[in-house]
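Please examine the sequence and structure before reading the solutions.

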Amino acid sequence: MASSKEYLTFILEQLSDLDEISYRAMMGEYIIYYKGKIVGGIYDDQLLIKPVKAAQKYLSEAVQVSPYPGAKEMLLVDNLDSKDYLTILFEAMFEELPAPKPKKKK
């Protein structure tokens, strides 16, 4: 099931206090970037984030979910109503997120 544009819009609004939030559509889902680093994505109208240590500490009760068959598990974010909560979470995660891979020259 593909994620809805309305859900993406809601998540982007909740993250609007952060600078440099972007997304890319990919096979009916959305990859979420913060300052150029992949934080997670929207899969089946759920916000899933990478399970870095800061996120695991912040979301100690979070359920791990596979976004699609064969993918690494990610943390399900269920507290989406608080912009402050999401802002603090993304800021805490940033340093631990891997740098983007350099693009291969053709």
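**Exercise 1: the largest pocket**

By class, 14 nonpolar, 2 polar and 8 charged residues form the lining of the largest pocket. Here Ala, Val, Leu, Ile, Met, Phe, Trp, Tyr, Cys and Pro count as nonpolar, Asp, Glu, Lys and Arg as charged, and the others, Gly among them, as polar. The model is predicted: local features need pLDDT of at least 70, side-chain atom pairs count only at pLDDT 80 or more, and totals for chains, interfaces and linings use all residues. Residues are numbered from 1 along each chain as its sequence is written, and side-chain values use heavy atoms, with hydrogens and water left out.

Task: State which residues lie nearest the centre of the largest pocket and which elements give two or more residues to its lining.

Solution. 
1. Of the 24 lining residues, M26, I31, I38, Y43 and K50 lie nearest the centre.
2. The elements giving two or more residues are strand 1 (21-26), strand 2 (29-34) and strand 3 (37-43); strands are DSSP runs (E, at least two residues) and helices likewise (H or I, at least four), numbered from the N terminus.
3. Strand 3 supplies the largest share, 4 residues.

**Exercise 2: positive phi**

Task: Determine where E20 lies and whether E20 is buried or exposed.

Solution. 
1. Phi of E20 is near 65°, a positive value in a residue other than glycine.
2. E20 lies in the loop between helix 1 (5-14) and strand 1.
3. E20 counts as exposed because its relative accessibility is 55%; exposed means over 50%, buried under 20%, and partly exposed in between (1.4 Å probe, protein chains only).

Definitions and conventions:
1 Å grid on protein atoms, 1.4 Å probe; cavity = no way out; pocket = protein on both sides within 12 Å on 5 of 7 lines; lining within 4 Å.
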